Every structure is written in C-alpha cells, then in structure tokens.
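Please look over the model below with its chain trace and its sequence side by side.

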Amino acid sequence: MINRLTFWLLAVFLMPAGHARADVTLIHAGELLAIPGEPPRSNQTIIIEDRRITGVQEGFAEVEGATVIDLRNSFVLPGLMDMHVHLQGQLGPNNDRDALKMSDQLMQMRSLHYAMNTLLAGFTTVRDVGSSPQEMYAMRDAINKGWVDGPRIIAAGGVGITGGHADVSGVSPDLMELFTSPNVCDGPYDCRRAARNVIKYGADLIKITSTGGVMTQRKTGTGQQMEMDELREIVRAAERMGRKVASHAHEEDGIVAALEAGVASIEHGTYTGPRAIKLFKETGAYLVPTLLAGKTVATAAVEADFLAPEVREKAIRVGNDMAGNFEKAHKAGVNVAYGTDSGISAHGTNAEEAVLMVEAGMSEMDVIISATVNAADLIDMSADIGTIEVGKFADIIAVDDSPLEDISRLLDVAFVMKGGKVYKQ
Ligand SMILES: [Zn+2]
C-alpha cells in the first residue's frame with residue numbers, strides 16, 4: 001500500500017514537473033523568418049515544449065535543462081507545404097507493370113518511403129490529391145498517431161465522371177472494369193452520392209477534374225468535361241459536410257466552370273486567362289500552379305519513350321504553356337498556394353517548383369508565402385501551422401543561407417523538425 005502510494009505521489013507530483021523541464025527545446029536561429037511576408041530577424045530563440053512553440057525571443061536564450069539546437073549559422077523558416085502530391089506513385093517506364101505486380105501492402109510501404117523523402121526535403125505538410133484513398137487515410141492517421149514517420153497528410157477523395165481524367169485509362173476493358181472507382185459518377189444526383197461517399201470513408205477534401213488531363217491515355221483533350229450541374233452538386237454536398245473541393249483544370253472553360261461552382265482551389269490552371277483571373281479574384285480561390293509537373297512531362301515527352309502517343313501530344317503543349325500563363329495570373333493578383341504534382345516529378349524534389357516560380361517572375365518572399373501562410377489557409381490550418389508563432393506546431397526547417405536572396409537554397413534543406421521532433425540535422 002505504501003509502495004503504491006509512494007508511486008502515485010511520484011507519478012502525480014514529481015514526474016510532470018521533471019518531465020516538462022526535460023522536454024524544453026531551444027532553437028538558436030541566426031536568421032529567422034518567423035512570419036513569411038514580414039522581414040527576417042537576426043539572433044532569435046524559438047522555445048518548444050511538447051510539440052508546440054511556446055516562445056520566440058530576441059537573442060540566444062538559455063533555459064536550464066533544455067536541449068539546445070544550434071542553428072546560429074543558418075536561415076530558419078516554417079516547414080514548407082506542398083498542396084498537390086500523389087504519394088502513391090512516381091512517373092517512370094515501369095508504372096503500369098508495377099501496378100499489376102505489387103500488392104497493395106507493398107505499394108503502401110513504397111508510399112511511406114516517398115512520404116519520408118518529401119519530409120526530409122523540408123516539406124512538413126502535404127495535400128495528397130489522388131492516390132488510393134484508403135491507403136492515404138491510413139498513412140495520414142498512422143503518421144498523426146506517431147506510429148510511423150512522415151509529413152502531415154491532408155488526403156483527398158476523388159470524384160470523377162465516366163471516361164474523364166479521373167477514370168481509369170490505358171488498360172484492357174476487363175482491367176478497366178476491375179479498377180473503376182465507385183466514385184465515378186454521371187449527372188448531378190449521382191455525383192452528389194459520390195461526394196457524400198468519399199466523405200463517408202474519410203476524405204479531408206474532395207478532388208475533382210473539371211477538364212481533361214495530360215496523363216489520360218485517351219484522345220479526350222484538356223477542355224471542360226464535367227457539367228455545371230455536376231460541379232455545383234459536388235461543391236454543395238461537400239460544403240454541407242464541411243469539406244472543400246479542389247479541381248484539376250487546364251483549359252479556361254473548365255477553370256471558369258469550377259470557380260463558378262465554388263471550388264476552393266484550381267490545380268494546374270494552365271490556361272488561366274482574363275475570365276478566370278476575374279473569378280479567382282472575386283472568389284478568393286487559390287491557384288495551385290504545378291509548374292514542375294509541366295516541365296517534367298514536357299521533358300519526358302521529348303526525351304523518354306514510355307509516354308503513350310495520346311499523352312505525348314498533350315504533354316508538349318500543356319507543359320510548355322504553364323509557366324507563361326502562371327506569370328500573368330500571379331501578376332494580376334491571383335492567390336497562389338504552392339503545389340508540385342510530385343508523383344509526376346520525383347518525391348523529394350518538391351523545392352524545384354520554387355525555382356520555377358521565381359523564374360516565372362514571382363518574388364522569393366511570395367513563393368515562400370505560397371508554401372506556408374497561403375497553403376495553411378487553403379487547408380484551414382492557419383491556427384496550427386504556416387508560421388513560427390506561439391501556439392503553433394513546431395514545424396521548422398533551416399537552410400545554410402537566405403532563400404530570399406537565392407531561392408535555390410531551398411533545394412538543400414539541412415534541418416527538419418515536425419511537431420517538435422527532429423527528422424534531419
Ligand atoms: Zn495531380
């Protein structure tokens with residue numbers, strides 16, 4: 001009895017006090033971009049307890065018993081976020097064969113490997129907008145529980161129309177039948193059902209494809225495919241259950257239709273012209289540019305021989321048109337959230353998008369805002385991530401020198417912390 005009482009006293013009164021002190025971590029930051037959009041400050045201390053930031057102070061503070069991480073010679077900023085990834089795959093000559101040979105379990109292990117590459121590249125949060133949904137929900141939940149390591153995952157469930165960009169293509173009719181998702185729908189009521197269905201099984205948001213896509217192995221173009229009534233019903237069903245909708249779109253007719261229906265973001269947005277720009281600004285929707293995907297497919301179309309002929313033609317045209325139109329859109333003041341379409345490009349090379357955005361005339365600071373503050377806003381997580389401020393998760397990265405002077409420094413992230421845990425140092 002005494003032993004038990006002693007144990008209880010120790011547990012309740014002693015351990016929490018000792019525990020709390022041992023859990024304090026200090027980051028001494030030579031340069032700190034705490035809030036992208038505001039200027040960086042020199043010689044700062046970030047105080048971290050448990051998983052969150054509890055202080056940001058001038059100078060290099062000391063706390064007895066705290067772990068100190070010395071980044072006095074580094075440039076420290078919030079963890080980057082990629083709003084458009086596909087963790088389940090990576091473009092290559094053996095994609096179709098791998099999909100038939102690998103078990104779902106092995107594929108999930110590979111997705112975890114890709115997720116880790118992404119985290120180690122400094123991307124502490126990603127939005128997956130198209131993988132096997134149950135696999136992605138399981139990875140999201142397992143990472144959040146701390147069972148496995150990886151970036152925070154915001155996982156979409158897809159809703160598409162028969163024969164559209166989100167439907168299966170490029171295999172025999174028997175295999176098409178086997179691989180067709182229950183969330184392929186036609187007409188407003190059926191699409192309403194599909195939207196509700198993906199939410200039922202765990203989607204954080206709904207991904208749709210209002211236009212055709214480059215990678216579809218069918219000659220169905222890149223123009224509008226979903227009808228206005230289908231788009232409206234999906235957005236309404238999503239809103240009623242507290243979910244946002246992201247729409248893949250290339251040609252302007254499909255961008256305009258999706259924005260009129262009320263989507264939160266347009267993915268790719270290749271042919272964003274004056275009509276789309278006007279709607280973007282009226283609605284406040286985000287453009288997720290994926291310039292890296294454009295560059296990757298345009299290069300593959302010329303240099304590799306594994307793209308289907310239907311894909312190659314679209315890849316050259318769309319891939320080469322992306323950056324120029326993006327320049328016009330951001331100069332006109334369209335909200336931009338960072339996204340790469342990694343899975344087309346290799347996972348872990350996500351920062352290459354930043355270089356392409358600067359080449360397309362965006363300032364280094366605006367690129368970093370798109371990958372932090374704006375991305376957090378798009379996924380409704382501004383209270384938890386996006387800046388280095390008291391109360392937020394300690395999602396913090398560091399590079400050797402200022403990316404505000406040379407954005408390519410983001411290609412070489414030297415330090416990664418997510419939720420107070422160090423993954424790379
Ligand atoms: Zn994509």
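This is a predicted model: local features need pLDDT of at least 70, side-chain atom pairs count only at pLDDT 80 or more; totals for chains, interfaces and linings use all residues.

Residues are numbered from 1 along each chain as its sequence is written, and side-chain values use heavy atoms, with hydrogens and water left out.

Helices (H or I, at least four residues) and strands (E, at least two) are DSSP runs numbered from the N terminus, and two strands pair if DSSP finds at least two bridges between them. On that basis, seven strands form an open sheet with mixed pairing, in the order β3-β2-β1-β4-β15-β16-β17. At its edges stand β3 (52–58) and β17 (421–424), each with a single partner strand, so one side of each has no neighbour in the sheet. From one strand to the next the twist averages 35°, where angles run from 0 to 180 degrees between N-to-C directions and axes are lines fitted to C-alpha atoms, for helices over the stretch in contact. Helix α3 (residues 104–120) packs on this sheet and touches β16 (415–418) and β17, its direction making about 95° with that of β17; contact here means heavy atoms within 4.5 Å.

Within this sheet, β1 (residues 24–32) and β2 (residues 41–49) run antiparallel and are joined by eight bridges. V24 has E49 in β2 as its bridge partner, and I27 is partnered by I46 of β2. On to β3, β2 is joined by six bridges, again running antiparallel, with T45 opposite Q57 in β3. These two strands, β2 and β3, form a hairpin with two residues between them, and D50 in the turn has a positive phi of about 55°.

The other open sheet has eight strands with parallel pairing, in the order β5-β6-β7-β10-β11-β12-β13-β14. Because β5 and β14 stand at the edges with a single partner strand each, one side of each is left without a neighbour in the sheet. Helix α4 (residues 133–145) packs on the sheet, where it touches β6 (123–128) and β7 (152–158), and its direction makes about 160° with that of β7.

Four bridges pair β11 (residues 244–249) with β12 (residues 265–268) in the parallel sense, and H248 has E267 in β12 as its bridge partner. Together with helix α8 (residues 252–261), β11 and β12 make a right-handed β-α-β unit, a crossover being right-handed if, with the strands pointing away from the viewer, the path from the first strand over the helix to the second runs clockwise. Next, β12 and β13 (residues 286–288) run parallel and are joined by three bridges, with Y286 in β13 the bridge partner of S265. Here the chain crosses from β12 to β13 through helix α9 (residues 274–283), and this β-α-β crossover is right-handed.

Among the helix pairs, α10 (residues 291–303) and α12 (residues 352–359) pack at an angle of about 95° with their axes 8 Å apart. The contact is made by L291, L292 and K295 of α10 with E352, E353, L356 and M357 of α12.

Finally, the zinc ion has as its protein donors H84 (NE2), H86 (NE2) and D341 (OD), lying 2.0 to 2.4 Å from it; donors are N, O and S atoms within 2.8 Å of the metal (3.2 Å for Na, K and Ca), and water is not among the atoms, so sites may look incomplete. Along the chain the donors follow the spacing H-x1-H-x254-D. H86 lies in the loop between β5 (80–85) and α2 (95–101), and D341 in the loop between β14 (335–336) and α12, so this pair ties together parts that are 255 residues apart in sequence.
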